[in-house]
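Have the sequence and the model open.

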Amino acid sequence: MVVREYSEELQYLERLTPHSWRIKKGFQPNMNVECKFYVNQHLEELMFEELKNSCRPGTIGGFLPGMKQIANVAALPGIVGNSIGLPDVHSGYGFAIGNMAAFDISNPDSIVSPGGVGFDINCGVRLLRTNLMEKDVQQVKESLAQSLFDHIPVGVGSKGIIPMNAKDLEEALEMGVDWSLREGYVWAEDKEHCEEYGRMLNADPSKVSLRAKKRGLPQLGTLGAGNHYAEIQIVDEIFDKYAATKMGIDCIGQVCVMIHSGSRGFGHQVATDALVEMEKAMARDKIETNDRQLACARINSVEGQNYLNAMAAAANFAWVNRSSMTFLTRQAFAKQFNSSPDDLDMHVIYDVSHNIAKIEEHIVDGKLKTLLVHRKGSTRAFPPYHPLIPVDYQLTGQPVLIGGTMGTCSYVLTGTHKGMQETFGSTCHGAGRALSRAKSRRNIGYQDVLDKLQQSGIAIRVASPKLVMEEAPESYKDVTEVVDTCHAAGISKKAIKLRPIAVIKG
């Protein structure tokens, strides 16, 4: 493969607005559509630096730069609109993380790609509010952090404490949050405030391997490791008072809890199994991609449908997982404050997915089309009046939960009509990595990270201190820059800023 000079690469890139760039056809082979990515000045420098480094002679190994991955997605069969890179975009497996793309269901060549969803299917974020104020928790934050840590199983090999047998798992995979509701682990209102109402109806547990089920069974109701966390957060700023009020956020200083987790080893196995099957399907159907990691199958093929059914089961697993941890969080708070979760007003504000492929209707070239929308490291951000968002949020737009890095702030945004037109109703999902995990481990001492958090007044409980190095704020882009870019570009709108006072990590 010929490596072009950096100056040649730049000829395919064109600034559209102060916050967006176009990648023209020809940047990568066989592109069917152009690409678009959103950045501010600093994030732009990071992306162009990554591209420049990849043009150096003798550069081998590692993932392709984010821009190249976005462009390779534009070469997949059946893609419509643009392949979109969001401000938190960084290299991932197949698709970049922070990349979304939509495929026309009516086109028989259109594909589904597990690399466009990721290995942690329905990794997502849930936000609970409370009627507590910062003054209520500051004195007890260490014991509250410990209580959460004791209640929620965390870490790589952690096992769930929600009673589960093989039959329960089958039902949970099919029913999602409805299973949690039936078993008494959630409130009826929780379901209303989940994307897809916490249940993908096309889930089919029979399309999931026994190995995936074995991996998933002991892990339901566990936080996991890596970038997953449970945080006690304080409302720090309110940008949109009306939207905040609709979410039950009345004032600065109010206490919330954010839970960030996914489908654990279950989702990972579903993705791994599908990639093996899709390699065969590609050979049979003569599908060619620019990158082996973009293994895919036609949406309407047996392999494509099997994956979508298994992926939906993994998405349901993740919703049950976050619901189980919501139950445990409510218990921890109830014990600490000697009060019922109901009296503490511990309602779910919203629950969003960051890694998923879903069938949605969108306008493409003036026509209503049914599309399979892949969002990987990207959040659905539907606008006001959209029929698929809860009644409470019809006037504000869908809440969008953006988790920060360990010890930094998080945000709640709302969806916009402009986002619907430009990004198929999608926006960023978090900070996005700036350093690889290996580089983070080499450059950052875990004790330094823990000391910094303590100095910032943040209580922390971690199961694996060494993993902390990979999740240090220095390893990531600045979440405020990412959010401000989406806000300035108009693809989502800032509503609330939250800062952590206690962090629970694997």
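How are α11 and α12 oriented to each other: roughly parallel or roughly antiparallel? The section on α11 and α12 takes this up.

## Basis

This is a predicted model, in which local features need pLDDT of at least 70, side-chain atom pairs count only at pLDDT 80 or more, and totals for chains, interfaces and linings use all residues. Residues are numbered from 1 along each chain as its sequence is written, and side-chain values use heavy atoms, with hydrogens and water left out.

Helices (H or I, at least four residues) and strands (E, at least two) are DSSP runs, numbered from the N terminus. Two strands pair if DSSP finds at least two bridges between them. Contact means heavy atoms within 4.5 Å. Axes are lines fitted to C-alpha atoms, for helices over the stretch in contact; angles run from 0 to 180 degrees between N-to-C directions.

## The sheet

An open sheet is built from seven strands, ordered β1-β2-β3-β4-β5-β13-β12, with mixed pairing. From one strand to the next, the twist averages 25 degrees.

β12 pairs with β13 (residues 367-376) in the antiparallel sense, over 10 bridges. Ile 359 has Leu 372 in β13 as its bridge partner. Helix α16 (residues 479-489) packs on the sheet and touches β3 (35-38) and β4 (79-90). The direction of α16 makes about 140 degrees with that of β4.

## α11 and α12

Two packed helices are described by the angle between their axes and the distance between the axes. The axes of α11 and α12 come within 10 Å and cross at roughly 170 degrees. The two helices are therefore roughly antiparallel. Orientation classes are roughly parallel (under 35 degrees), roughly antiparallel (over 145), roughly perpendicular (65 to 115) and oblique (the rest).

Helix α11 (residues 264-285) has 22 residues and spans 32 Å from first C-alpha to last, close to the 32 Å expected at 1.5 Å a residue. That expected span is 1.5 Å times one less than the number of residues. Lys 286 follows α11, with a positive phi near 55 degrees.

Helix α5 (residues 141-151) and helix α12 (residues 302-337) have axes that come within 9 Å and cross at roughly 140 degrees. They are therefore oblique to each other. From α5, the contact includes Leu 144 and His 151; from α12, it includes Phe 333 and Phe 337. The contact residues divide into six nonpolar, six polar and one charged. Here Ala, Val, Leu, Ile, Met, Phe, Trp, Tyr, Cys and Pro count as nonpolar, Asp, Glu, Lys and Arg as charged, and the others, Gly among them, as polar.

Helix α6 (residues 166-175) packs on α12 at about 100 degrees, with the axes 7 Å apart. That makes α6 roughly perpendicular to α12. Among the residues that meet are Leu 169 and Met 175 in α6, and Phe 317 and Val 320 in α12. By class, this contact has seven nonpolar, one polar and one charged residues.
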